[in-house]
Amino acid sequence: MRFRNPATYTLTAVVALTALAGCSGSSPMAPAEPGAASPSFQQRALQNNRFNRFPSVADAGEPGHSPKTTSFMDRGALGKPLVFVSDNNGNVDIFLQRGKKAMVGRITGLTLSTLATDSAGDLYVADVLSNNLIVYAPPYTKGPKLKFTAGREPQDVAVSREGIIAVTTCTIPSGSQCGAGVLFYAAGSTTPCATVLVDPSTFSGGLFGAAFDHKGNLYVDGYNLATKAAVAAKIDGGCKAKRATTLAINNTIAYPISIRVDKSGRIAILDAPEYKAVIDTYNPPTGGSLGTPVSTTTLSVPTYAGDFTFRASGGHVWVDFQSLGPSYGSAASEYAYPSGSAPGRTVMGDPSSAPGGVAVTPPLVP
């Protein structure tokens, strides 16, 4: 999820850099150990007046340039609670939420993706560099169930309990301009049923995450370059949506990553500077404001967090991050919510990559 230049809304420089890098063979930027002399999260993420949710996105491979691996799925894992972790080598790695920690499946051939799931177990992939929204049905390796262009550089995807899909993206699919907004799709459709732009002055740094509540209202978060803090908005109506209502946030979230809705219908935003991460949770908005957090969940992560999602029970979250160690690979850990603190179960994804997104089956349906 990237902050774009508020003056021109041009494509991010990282895409151009990726195209130039191509098959150069360069490895993703590995974060240094704490205390070592290395660029800070802010220095790596805020470049060219744009905030980049994924500090290693400039190293993401182009389609066809990721490691030569093959998609697979352990059929014995189907129907069991799963966790999906994407990375910038173009993979989605699949693990059991319980039991063995070894990978039970992998989807290949992507670029850099954020993820969502529905109650049927389908996996929704917002693939940033290919501009596609891709839907996979279990067992996930027979090719896409649905695939279509969803604006440009889609940043996140959410699915309502009615099956409406929302994608945060550049809503203008070609040319140099980018109107940041949300594309809504009816279940199974490849044609938007509604398009809603966000206020460009408020979301001057970009539009990121998306999450539906139980009434079908959509919440989105982003970044304001002037205030250097998170911003949020609410979009009512699903396929009948007309406008985005900006929501005030009464505390400062400096590094917004993604937004989700918890089991009680409260709005949770992940704030993730380097070596720290917290989830600020707010009551549903009143009077155009989220107000101040009703809870703050502190997460112990080794570097920077990339995304989070709720388990179906609502009492735990899965958070993906870049692991420390010789390989600095993608990983995900489970934390109690809202108590947080030390991680519980951890799964390790691609050892040569940075994290992208995380999703689980069954998902929490607010």
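The side chains of arginine 311 and glutamate 334 meet in a salt bridge, with 2.7 Å from N to O; the term denotes a side-chain nitrogen of Lys or Arg within 4 Å of a carboxyl oxygen of Asp or Glu. This pair links distant parts of the chain, 23 residues apart: arginine 311 is in the loop between S24 and strand S25 (316-322), and glutamate 334 is in strand S26 (residues 330-336). The model is predicted, so that local features need pLDDT of at least 70 and side-chain atom pairs count only at pLDDT 80 or more, whereas totals for chains, interfaces and linings use all residues. Residues are numbered from 1 along each chain as its sequence is written, and side-chain values use heavy atoms, with hydrogens and water left out.

**Salt bridges**

- Arginine 311 and glutamate 334 are both buried, a class that requires under 20% relative accessible area, against over 50% for exposed and values in between for partly exposed (1.4 Å probe, protein chains only).
- Salt bridges with shared partners join Arg98, Arg311 and Glu334 into one network.
- The count of salt bridges comes to nine.
- Arginine 266 forms a salt bridge with aspartate 262, and their closest N and O atoms are 2.9 Å apart.
- Aspartate 262 counts as buried because its relative accessible area is 1%, whereas arginine 266 is partly exposed at 24% relative accessibility.

**Arginine 106 and aspartate 93**

- A salt bridge (2.7 Å, N to O) also connects the side chains of aspartate 93 and arginine 106.
- Aspartate 93 lies in strand S5 (residues 92-96) and arginine 106 in strand S6, 13 residues apart, and the pair links distant parts of the chain.
- Arginine 106 counts as buried because its relative accessibility is 11%, and aspartate 93 is buried as well.
- Leaving aside neighbours within four places in sequence, the residues in contact with arginine 106 include Thr69, Phe72, Thr141 and Asp350, where contact means heavy atoms within 4.5 Å.

**Largest pocket**

- The largest pocket holds about 490 Å³ of space, the volume being that filled by probe spheres set on grid points joined across faces, edges and corners.
- A pocket is an open set of points on a 1 Å grid over the protein atoms alone, where a 1.4 Å probe fits, with protein on both sides within 12 Å along at least five of seven lines; lining residues have an atom within 4 Å of a point.
- Of the 28 lining residues, Thr117, Val159, Pro363, Leu364 and Pro366 are the closest to the centre of the largest pocket.

Notes. Helices (H or I, at least four residues) and strands (E, at least two) are DSSP runs, numbered from the N terminus.
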